[in-house]
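Trainee: Could we go through this one together, question by question? I would like to see how each answer is reached.

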Amino acid sequence: MQVAVASGKGGTGKTTVAVNLAYVLAQEMPVELLDCDVEEPNAHLFLHPTLNEMHEVKILVPEVERSRCRGCGRCAEACAFNAIAVLGDKALVFPELCHGCGGCVRVCPAQALREEPRRLGVIQSGSSGPVSFVQGRLDVGTPLVVPVVHAVKEQSREKVTILDAPPGTSCPVVATLTGSDYAILVTEPSPFGLNDLKLAVELVRELGIPHGVVLNRAGLGTEEVQEYCHHEGIPILLRIPFDRRFAETIAHGRLLVEDFPDWRGEFRALWDRVQGGLKV
Amino acid sequence: MKQLLILSGKGGTGKTTVAGAFAALASDKVLADCDVDAADLHLILAPERVETHDFSALPKAKIDPVLCSGGGMCAEVCRFGGAQREAEGKYRIDQFVCEGCRVCVSVCPSGAISLPDRLAGQWFISTTRFGSLVHARLKPGEENSGKLVAQVRKAATELAEKEGKNLIIIDGPPGIGCPVIASLTGVDLVLAVTEPTVAGQHDLERLLKLSRHFNIDLQVVINKWDLAPGASDAIERYADREGTTVIGRIPFDAGLVEATAAGLPSVEGRRGPGAEAIVSLWEKVSHRLGV
């Protein structure tokens, strides 16, 4: 079973929820945490995993053999991503724009394009105590995120998987959510939190994924998020109050359930509510 | 014309709070919200829309089930796993997976695949009491390839030229991928809003590498610095080592939270310690920009 922890707005506490939930569940069942926020992976800062395996994520990008290229421009015409242009009388590839679809190679009449692997990032895996751990790290300066997210998910081995999603509602989030059995949407009681929660709800509804809300920093700000959830029939699975001590624990890369053992029961109860909300 | 971009790497550190306050403090500027998939700046600027434009994304492949002969060439050539066999032996393209590369279109022997135009979002020009704002809304689930970000920046630049403004203040997206890179190219200064947490510093480090990669000046402000003074000092030492500067520290201030809740820039009305810190931050940022 895959449960994704997502949010429209960044910084609402996705990683906090994901790592504490994984830690608590791991006390009684095999659990893996997949950090799919490959632009800014943070789960490792809390779980301090031993990473003993690493592999590179690559896509195939064309290279031009200049002696063969006749400059006919068919490759540039075929490319939907503007990653090839003909300059002078030869094709020129902009590899950072290439999605690796292979379309250009198919249309080249001179066999002047050869595909070479280009690195986008790395996948690292290992464990943190009883929690199996996988994360992706996009190389800095690389715009193409989705293949790295897919590569993280390919490492899934356990029956119970917690996915830490990136913020937002666009393609990297879709890549994370696809195939999930449930989405925990983390938000905060502010107008920003509400606005972005609505967008996230729109997305999970379109994807047909059952969902519920964790309200973080509860007590700070407004009641609007709770009113919205009530009105839309979205369950509030857990409230985490704003507490300077919690902020300090998170700031230092520690787990709430370690510093405040009372919270183990709260995260366990969160899991029960998720189970209750699954499609049967 | 100068362009200031507010980024953070990590989400939720206070980009929009700072951008909204700068909107109220700066004169002669155009505002742009480049966080197009979770745009929030409009919530504190109360914009009135003057222009609405449709944004078309890269078309995605669609199979006409009547024409599909079930040969499966599309599935063979698709490197993204977008073509799936249905129960009746026909194929279907998963719209959430398709990247719009058109390779399947070129190989289908029955001519069953087309690329219909698709509305992926909208962008707007609005007026606010602090000046013009260019903002956008990407439909949830769409590809944030940076094209909508580029469109918002282009419109903001044209507007600034037309209005004779010498500054564009850009509220940026989180992360370091496509939309961030599209926001970053060609700006004069990045203000990185971080927080004194292990995640805040980790993400700042990746953001600083990115700005170096594109050779763009980056200065740091630490938000809620007093929630962990030791971690704030560590960020300051890190910045020193890396040859950049922490040019401001904003304390945790419930007044900032309340201003946002009320939908107002935090520097309007009675100014608490958080708002005062943002005012002095703006003095330093505007000095560095030379505006």
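Mentor: Happy to! Let's begin with Ala57(B): apart from neighbours within four places in sequence, this residue is in contact (heavy atoms within 4.5 Å) with Arg118(B), Ala120(B) and Glu142(B). Before we go on, some ground rules: this is a predicted model, where local features need pLDDT of at least 70, side-chain atom pairs count only at pLDDT 80 or more, and totals for chains, interfaces and linings use all residues. Residues are numbered from 1 along each chain as its sequence is written, chains are lettered from A and ligands numbered from 1 in the order in which they are written, and side-chain values use heavy atoms, with hydrogens and water left out.

Trainee: Is Ala57(B) buried or exposed?

Mentor: Ala57(B) sits in the loop between strand 3 (48-56) and strand 4 (62-63) of chain B; helices (H or I, at least four residues) and strands (E, at least two) are DSSP runs, numbered from the N terminus. The scale is relative accessible area: under 20% is buried, over 50% is exposed, and in between is partly exposed (1.4 Å probe, protein chains only). Ala57(B) has a relative accessibility of 15%, so the residue counts as buried.

Trainee: How many residues apart in sequence are Ala57(B) and Leu148(B)?

Mentor: In space, Ala57(B) and Leu148(B) are 8.5 Å apart, C-alpha to C-alpha. Along the sequence, the separation of Ala57(B) and Leu148(B) is 91 residues.

Trainee: How confident is the predictor in chain B, as a mean pLDDT?

Mentor: pLDDT is the predictor's confidence in each residue, from 0 to 100. For the complex, the predictor gives an ipTM of 0.92 and a pTM of 0.95. In chain B, 100% of the residues reach 70 or more, and the mean pLDDT is 95.

Trainee: How far apart are the centres of domain 1 and domain 2 of chain B?

Mentor: Domain bounds come from an automatic or database domain assignment. For chain B this gives domain 1 (2-56 + 141-289) and domain 2 (62-114). Taken over C-alpha atoms, the separation of the two centres in chain B is 42 Å.

Trainee: And what is the distance between the domain centres in chain A?

Mentor: Chain A is divided into domain 1 (2-57 + 128-277) and domain 2 (66-111). The C-alpha centres of these two domains of chain A are apart by 40 Å.

Trainee: What area is buried between chain B and chain A?

Mentor: Buried area is the accessible area (1.4 Å probe) that two parts lose on being put together, summed over both. The contact takes 59 residues from chain A and 54 residues from chain B. Carbon and sulfur atoms give 61% of the buried area, which is about 4700 Å².

Trainee: Which residue of chain B meets Glu115(A) in a salt bridge?

Mentor: A salt bridge is a side-chain nitrogen of Lys or Arg within 4 Å of a carboxyl oxygen of Asp or Glu. Between chain B and chain A the count is three salt bridges. In one of them, at 2.8 Å from N to O, the partner of Glu115(A) is Arg79(B).

Trainee: Which helix of chain B do the buried residues of helix 9 of chain A pack against?

Mentor: The buried residues of helix 9 (residues 244-251) of chain A are Phe246(A), Ala247(A), Thr249(A) and Ala251(A). Within chain A, they pack against strand 11 (236-241), helix 10 (256-259) and helix 11 (263-277). From chain B, the packing partner is helix 7 (198-213).

Trainee: Is Asp259(A) buried or partly exposed?

Mentor: Asp259(A) forms a salt bridge with Arg254(A), with the closest N and O atoms 2.7 Å apart. Arg254(A) has a relative accessible area of 35%, so Arg254(A) is partly exposed. Asp259(A) has a relative accessible area of 29%, so the answer for Asp259(A) is partly exposed.
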